[in-house]
Amino acid sequence: MYESFRNELVSKLSGFEYQIANQVLLYVDELSSKYDFVEINRALVPYEDLNQEAIKLFLATKKLEGKSDKTIERYRYMLSKAFVSMGCYKEVDTNVVRAYLARETTRGLAPKSIDGLRAILSSFFTFATYEGLVDRNPMIPIKPVKLKKEIRKPFTSTDIELIRESCKS
């Protein structure tokens, strides 16, 4: 494993002056005796296909339920974006979802938007649980976001008269 690392390092140092590159390699050789080298695959691809397949199945089900094309597209966008941040849906737990929603809150999303995102994730994980894609629904402990109720005042008779006057001109 170390040889593979060393060869890759040599190729990266090829653009440097020979003496500097050689000195770096000597230091690396000296330090390598203190460490074990293990190759780690950090590819982002493995979960992407798994997530996309589950999302496609979920969206097909929502389409059969009569959801509009705009709703389906919004679900696709929000779920894809969420799983890029959270990882594979099979490994998501309640704390991962809470952390994701907290990050979205700090980005400046309104409470109503956060609750909409929570509802989409909840719908997806309820579907995934019923379909046997996950063993446990991580959304169950996450309660809806409390929204401030805005009480609208009715128009006064003066307001109505002003509206009528502006419509006549």
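Helices, as the term is used here, are DSSP runs of H or I of at least four residues, numbered from the N terminus. In this predicted model, helix α6 is followed by Gly 132, whose phi is positive, near 80°. Helix α6 itself covers residues 111–130, and at 1.5 Å a residue its 20 residues should span 28 Å, which agrees with the 28 Å that separates its end C-alpha atoms.

The packing of α6 against helix α5 (residues 94–106) was examined next. The axes of α5 and α6 come within 10 Å and cross at roughly 155°; because angles over 145 degrees count as roughly antiparallel, the two helices are roughly antiparallel to each other. The crossing of α5 and α6 is right-handed, and the contact is made by Val 97, Tyr 100, Leu 101, Glu 104 and Thr 105 on the α5 side and by Ile 114, Leu 117, Arg 118 and Leu 121 on the α6 side. Sorted by class, the residues of this contact of α5 with α6 comprise 6 nonpolar, 1 polar and 2 charged.

Helix α4 (residues 69–86) also packs against α5, with axes that come within 10 Å and cross at roughly 110°, so that α4 is roughly perpendicular to α5. The crossing of α4 and α5 is right-handed, and its contact involves Lys 81, Ala 82, Ser 85 and Met 86 of α4 together with Val 96, Val 97, Tyr 100, Arg 103 and Glu 104 of α5. This contact of α4 with α5 has 5 nonpolar, 1 polar and 3 charged residues.

On the α4 side the contact comprises Arg 74, Tyr 75, Met 78, Leu 79, Ala 82, Phe 83 and Met 86, which meet Gly 116, Leu 117, Ile 120, Leu 121, Phe 124 and Phe 125 of α6. By class, the residues of the contact of α4 with α6 divide into 11 nonpolar, 1 polar and 1 charged.

Aromatic pairing was then considered. A search of the whole structure finds 8 aromatic pairs, and ring pairs link Phe 58, Tyr 75, Phe 83, Tyr 89, Phe 124, Phe 125 and Phe 127 into a cluster. Among the members of this cluster, Tyr 75 and Phe 83 of α4 and Phe 124 and Phe 125 of α6 also take part in the contact between α4 and α6.

Notes. Residues are numbered from 1 along each chain as its sequence is written. This is a predicted model: local features need pLDDT of at least 70, side-chain atom pairs count only at pLDDT 80 or more; totals for chains, interfaces and linings use all residues. Side-chain values use heavy atoms; hydrogens and water are left out. The expected span of a helix is 1.5 Å times one less than its number of residues. Axes are lines fitted to C-alpha atoms, for helices over the stretch in contact, and angles run from 0 to 180 degrees between N-to-C directions. Angles under 35 degrees count as roughly parallel, over 145 as roughly antiparallel, 65 to 115 as roughly perpendicular and the rest as oblique. A crossing is left-handed if the near helix is turned anticlockwise from the far one by less than a right angle, and right-handed if clockwise. Contact means heavy atoms within 4.5 Å. Ala, Val, Leu, Ile, Met, Phe, Trp, Tyr, Cys and Pro count as nonpolar, Asp, Glu, Lys and Arg as charged, and the others, Gly among them, as polar. Rings of Phe, Tyr and Trp (its six-membered ring) pair if their centres lie within 6.5 Å; planes under 30 degrees apart count as stacked, over 60 as edge-to-face and the rest as tilted.
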